[in-house]
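User: I would like to go through this model and ask, point by point, what each label rests on.

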Amino acid sequence: MILKNIELFLLKINNPIARVGKWSAGLLLIIMMIIVLLQVVFRYVLNNPISWSDELSCYLMIYMTYLCMPFIYLKDKNIAMTFLLEKTQSSRFFHMLMVIIHIFALVTILIWVYFGWSFFLKGNVMANSLPFKMYYIYIAPPLLFAITLLSVVQKIISELNNFINFEMIDKSKGV
């Protein structure tokens, strides 16, 4: 029961974070599309290319990627090879395997946050064609992956709860 309560508490935190991240990423995609279209018009119609559009588009893409991570993780939309998982779907082993997978993800994200933070601390250089320091770009991976850690912890707790409270569903009854 306590695991379910913790999961529900994390869900109340993670769902709004994921929703805001998803919509923010969508907004950045629209902005990036407008910038790229302007670049095409300026380059090929006006014959006067915008020097900063490619660089800004790359930075927006970086933020879009990391803003979507909590949503992607919560909704299981990340790339996965599921051949083993599909064979064990209705077993207790499946939930234990998912716990292990989520723990691997947790460790990977922690490493990413650690090295991303180290890289961020070295970001005292100016962007090539934009008037700001690279700190603003380098902070995206460690900060937004740290936020994603809440989603990973929620998934671990959920799968542990499913493992502990596992009930085999009898497929012959059609339930």
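User: What makes the largest nonpolar core a core, and which residues touch the most other members?

Analyst: A nonpolar core is a set of buried Ala, Val, Leu, Ile, Met, Phe, Trp, Tyr and Cys residues joined through side-chain atoms within 4.5 Å, where buried means under 20% relative accessible area, as against exposed at over 50% and partly exposed in between, with a 1.4 Å probe and protein chains only. The largest such set has 20 residues, of which Tyr66, Ile109 and Phe145 touch the most other members. Helix 1, helix 2, helix 4 (92-121) and helix 6 each supply at least two residues of this core, and helix 2 gives the most, with seven. A second, separate core has eight residues, including Tyr59, Ala127, Leu130 and Ile139.

This is a predicted model, in which local features need pLDDT of at least 70 and side-chain atom pairs count only at pLDDT 80 or more, while totals for chains, interfaces and linings use all residues. Residues are numbered from 1 along each chain as its sequence is written, and side-chain values use heavy atoms, with hydrogens and water left out.

User: Which residues does phenylalanine 145 touch?

Analyst: Contact means heavy atoms within 4.5 Å; with residues up to four places away in sequence not counted, phenylalanine 145 touches Tyr66, Met69, Ile109, Trp112, Val113 and Ala140.

User: Why is histidine 95 called buried?

Analyst: Histidine 95, which lies in helix 4, has a relative accessibility of 11% and therefore counts as buried. Its side chain makes a polar contact with the side chain of glutamate 159 at 2.7 Å, the term requiring a pair of N or O atoms within 3.5 Å, one able to donate a hydrogen and the other to accept it within protein, and residues adjacent in sequence counting only if both atoms are side-chain atoms.

User: Why does serine 151 count as buried?

Analyst: Serine 151 is placed in helix 6, and its relative accessibility is 1%, so serine 151 counts as buried. Leaving aside neighbours within four places in sequence, serine 151 is in contact with Asn14, Pro70, Tyr73 and Leu74.

User: How do you know what span to expect of helix 1, and where is its kink centred?

Analyst: Helices are DSSP runs (H or I, at least four residues), numbered from the N terminus, and the expected span is 1.5 Å times one less than the number of residues. Helix 1 (residues 2-45), with 44 residues, reaches 63 Å from its first C-alpha to its last, close to the expected 64 Å.
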